[in-house]
Amino acid sequence: MFDIILEIVILLFNLLIQNLISLIKYALPYSLLPKKDLYRKKVLITGAGNGLGKLLAQKFAARGATLILWDINLQSVDELKNEIRGNQGEAHSYEVNLCDPGKIAQVGQQVINDIGKVDILVNNAGIATAKMILDSSENEINRSFDVNVKAHFYTVQQFLPAMLKDNNGHIVTIASAAGKMGSSGLADYSSTKHAAVGFHDSLVAEIMESEKNGVKTTLVCPYYVHTSMFDATGAATRFPWIFPILDTDYVVQKIFEAIETEQEFLVTPRAFYLVFAGIQILPYKAQAMVAQFFGLVQNLERFHK
């Protein structure tokens, strides 16, 4: 009995410490937080040819990191590689179809042979067909899950072992607020992002079980971002000063800061921390009512034009 009481006391103490650390990180400005050294760190970003992936690669390159750029469009990452090298940075580009596990394994091994251990893996690539459930084809559903979920398994299988061996590394999962709440007309995207969140949670649990606390993780769940995937022109929530449609540059900066400060969970805008924490205690239909009241569930026609 005494042993159990002692375990409970230790657990409560550790929970208090972890909450204090999170609160301090949340409250302190970015400029005052300790930051990891990114110079010469090998950073692999999937879907690096455009959008968030491209801008994120440029942020890392500006810190002196070595970029490993993966995309299905080789020309796009070749151009980015040349741009980074033109600015005296180091970058390598690879054509990778994330729907093909064999290709991921082949190119993953090539990266290890060519460059060595990957220090930071950013699973950023994502797609959305933006169709109603009844209109989604088998091929479209499979492709969404291949890119948005299954590829996370295969990339982590390639690069996590070396991180665990050295007890050093960082895995970043770019998910979405859609991985916490559904939306009409985005069932494929929302389903896969829910799965990506579940994958990340399991990854964290397995790393904790391995007791390799030098391997860090970051889960990113932004609200809608105005990118080529989602045309958010004219879209707005009911209260945009609380829940705005996000600017790409802003989101990239927040993701970069989260990685650099080893933040475990990033939600943006910040109001969604309260939404995610509070809405889950409500009955299921009540959750949908709250989302509709605030205009958080966007109409399908506003996106992917």
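**Salt bridges, cores and spaces**

Modeller: Happy to. The count comes to 9 salt bridges, a salt bridge being a side-chain nitrogen of Lys or Arg within 4 Å of a carboxyl oxygen of Asp or Glu. This is a predicted model, so local features need pLDDT of at least 70 and side-chain atom pairs count only at pLDDT 80 or more, while totals for chains, interfaces and linings use all residues. Residues are numbered from 1 along each chain as its sequence is written, and side-chain values use heavy atoms, with hydrogens and water left out.

Biologist: Which residue does Lys36 form a salt bridge with?

Modeller: Its partner is Glu262, and the closest N and O atoms are 3.4 Å apart. Lys36 sits in the loop between α1 (2–27) and β1 (42–46) and Glu262 in the loop between α7 (248–260) and β7 (265–268), so the pair ties together parts 226 residues apart in sequence. Helices (H or I, at least four residues) and strands (E, at least two) are DSSP runs, numbered from the N terminus.

Biologist: And which residue pairs with Arg63 in a salt bridge?

Modeller: That is Glu260, with the closest N and O atoms 2.9 Å apart. Arg63 is in the loop between α2 (51–62) and β2 (66–71) and Glu260 is in helix α7, so this pair ties together parts that are 197 residues apart in sequence.

Biologist: How far apart in helix α3 are Lys81 and Asp78?

Modeller: They are 3 residues apart in helix α3 (residues 74–86), which means a separation of about one helical turn. Lys81 is buried, with a relative accessible area of 17%, and Asp78 is partly exposed, at 24%. There is also a network of salt bridges linking Lys117, Asp119 and Asp166.

Biologist: Let's go inside. How many residues does the largest nonpolar core have?

Modeller: It has 51, and Ile45, Phe60, Leu67, Leu69 and Val122 have the most contacts inside it. Helix α7 gives the most to this core, with 6 residues. A nonpolar core here is a set of buried Ala, Val, Leu, Ile, Met, Phe, Trp, Tyr and Cys residues joined through side-chain atoms within 4.5 Å.

Biologist: What does Ile45 touch?

Modeller: Leaving out residues up to four places away in sequence, its contacts (heavy atoms within 4.5 Å) include Phe60, Leu67, Trp70 and Asn124.

Biologist: Now pockets. Which residues lie nearest the centre of the largest pocket?

Modeller: Ser22, Glu262, Gln263, Glu264 and Phe265, out of 37 lining residues. Glu262 is the Lys36 partner again. On a 1 Å grid over the protein atoms alone, a pocket is an open set of points where a 1.4 Å probe fits, with protein on both sides within 12 Å along at least five of seven lines, and lining residues have an atom within 4 Å of a point.

Notes
Buried means under 20% relative accessible area, exposed over 50%, partly exposed in between (1.4 Å probe, protein chains only).
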